[in-house]
Amino acid sequence: MQSRDIYLKRRPVGMPVPEDFEAVVTTLPALAEGEVQVRNSWMAVDPAMRGRMNDAKSYIPPFALDAPMEGPAVGTVVASRDPGFAPGDIVSSRLGWREAFNAPASALRLRPDVGLPPQAWLGFAGVTGLTAYAGLLKVAALKPGDVVFVSGAAGGVGSIVCQIAKIKGHKVIAAAGGARKIAYLKDVLGVDAVIDYKAEENLTKALARAVKAIGATGIDVYFDNVGGEHLQAALALANPFARFAICGMISQYNVTEAPTVPRNLTLIMVKSIRMEGFIALNQMEMEPHFLADMIAWHKAGLLTATETVHEGIDHALDAFFGLFSGANLGRMLVKLG
Ligand code: NAP
């Protein structure tokens, strides 16, 4: 079997460009004992992949040059030389950016048939959903009455954070870029106040207006997907003892100069704010509760799985670049088969 794979050819400086990557056709060898052959049906692109393109120490090693990149994928077992997997099984892996692969069984996770479409394992039922769930409920320690502010609110993680907060009865202020996303947040997710950050000159003033519009004194929880000015605004409008779950800072991923905002970090002390960064892969002990809740909310019609889908491995880079221009509503996915 052949597979088209996307390789990292050189390390991007600033915003990646197509010349940083190469599509390579490979022929899969015969399966060794203990290996499984998988045809990917879906892969996802994550903003964090940008960090792995740098040769820098992080919580996960950098991508190797001249090798296929890695990322979340779900596929179907084609052939197996491991007793734990059989042809037709649906499996997830970290072996995205390729159409098919052979891998040791330990690199795969068997996904049960619980009535979800396969790509749900890359979205609300996968690490994206766990990030939202663990960040909001454990890291930010959401408690009754909290006013929640979410940045990057119309994306994969952000759209789930908004929904969990609404399911739990909270007032939610959501920030995203552009009229289409604002309409989605209001009309589909039912958040209480919205900020189109691309249409605002001063994000702190915009957040102050949103807080006032919902009759609140400030925000109690900030779920940060963006960093920079969004974080500065959240600090300015935080109530005493607010909790900030620092999930991501996409506004900083392609910068080539040191950031100048936030300029008000002193407020962490002044307001006794607890600010905590987290990585979802360190929150796996929450998975049984997380999956039970997500599947139940989805079945009850309380949780919408919003997806933006590109077709074919040839469009995987378009999907990835689109994360940084805001081209996606919900989870950014590539359909491979
Ligand atoms: P996403 O939100 O679906 O896609 C990225 C979104 O970021 C874009 O749609 C865009 O929306 C927004 N964006 C891009 N550049 C921006 C900028 N300069 N300023 C403000 N917004 C910008 O991606 P995701 O996979 O759900 O990830 C969201 C965040 O969570 C990222 O920061 C990611 O790194 C982080 N994350 C962390 C973990 C963890 O374990 N800690 C796990 C998964 C994801 P607009 O159109 O609204 O600008």
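**Figure 1. Arginine 4 and its surroundings in the predicted model.** Welcome to strand E1, where arginine 4 sits. In this predicted model, leaving aside residues up to four places away in sequence, arginine 4 touches Val24, Val25, Trp97, Arg98, Glu99, Ile313 and Asp314. The C-alpha atoms of arginine 4 and valine 24 are separated by 5.6 Å, although the two residues are 20 apart along the chain. Is arginine 4 buried, partly exposed or exposed? With a relative accessible area of 31%, arginine 4 is partly exposed.

**Figure 2. Two residues with positive phi that are not glycine.** Tryptophan 97, one of the contacts of arginine 4, has a positive phi of about 65°. Look for tryptophan 97 in the loop between strand E5 (90-93) and strand E6 (100-104). Its relative accessible area is 0%, so tryptophan 97 is buried. Phenylalanine 241 also has a positive phi of about 65°, but this residue lies in strand E12. Which side of the burial scale does phenylalanine 241 fall on, buried or exposed? Phenylalanine 241 counts as exposed, because its relative accessibility is 58% and the cut-off for exposed is over 50%.

Figure 3. How many salt bridges does the structure hold? There are 15 salt bridges in the structure. One of them pairs lysine 9 with glutamate 22, with the closest N and O atoms 3.2 Å apart. This pair links distant parts of the chain, for lysine 9 is in the loop between E1 and E2 while glutamate 22 is in strand E2, 13 residues apart. Aspartate 20 and arginine 10 are both in the loop between E1 and E2, 10 residues apart. Here aspartate 20 counts as buried at 3% relative accessibility, whereas arginine 10 counts as partly exposed at 42%.

Figure 4. The side chains of lysine 143 and aspartate 146 meet in a salt bridge of 3.8 Å, N to O. Salt bridges with shared partners also join Arg4, Glu99 and Asp314 into one network. Back at the pair, aspartate 146 counts as buried, with 4% relative accessibility. Lysine 143 is partly exposed, with a relative accessible area of 43%.

**Figure 5. Strand E8, covered on both faces.** Which residues of strand E8 (residues 147-150) are buried on each side? Val147 and Phe149 are buried on one side, and Val148 and Val150 on the other. Strand E8 runs parallel to strand E9 (residues 171-176), and four bridges join the two. Across the pairing with E9, valine 150 has alanine 174 as its bridge partner. Strand E8 also pairs with strand E11 (residues 219-224) in the parallel sense, over three bridges. In E11, phenylalanine 223 stands opposite valine 150. Follow the chain from E8 through helix H3 (residues 156-167) to E9 and you trace a right-handed β-α-β unit.

**Figure 6. Helix H9 and what covers it.** Seven of the 10 residues of helix H9 (residues 316-325) are buried, so H9 is largely enclosed by the rest of the structure. The buried residues are Ala316, Leu317, Ala319, Phe320, Phe321, Gly322 and Leu323. Their cover includes helix H1 (49-52) along with several strands, among them E1 (2-8), E2 (21-27), E3 (35-44), E14 (307-311) and E15 (331-335). Just after H9 comes glycine 326, with a positive phi of about 80°.

Figure 7. Valine 261 and proline 262 are joined by a cis peptide bond, with omega at about 5°. Proline 262 belongs to the loop between strand E12 (238-246) and helix H7 (267-270).

Figure 8. Val127, Leu281 and Met284 make a nonpolar surface patch of about 210 Å². Valine 127 has its place in helix H2 (residues 127-139). With a relative accessible area of 34%, valine 127 is partly exposed.

Definitions and conventions:
Residues numbered from 1 in each chain as written. Predicted model: local features only at pLDDT ≥ 70, side-chain atom pairs only at ≥ 80, totals over all residues. Heavy atoms only, no water. Patch = residues over 30% accessible without salt bridge, like charges linked within 9 Å, V, L, I, M, F, W, Y side chains within 5 Å. Areas by Shrake-Rupley, 256 points an atom, 1.4 Å probe, with all protein chains shown as cover. Salt bridge = Lys/Arg side-chain N within 4 Å of Asp/Glu carboxyl O. Buried < 20%, exposed > 50% of the residue type's maximum accessible area, 1.4 Å probe, protein only. Pairing = 2+ DSSP bridges. Right-handed = clockwise from strand over helix to strand, strands pointing away. Contact = heavy atoms within 4.5 Å.
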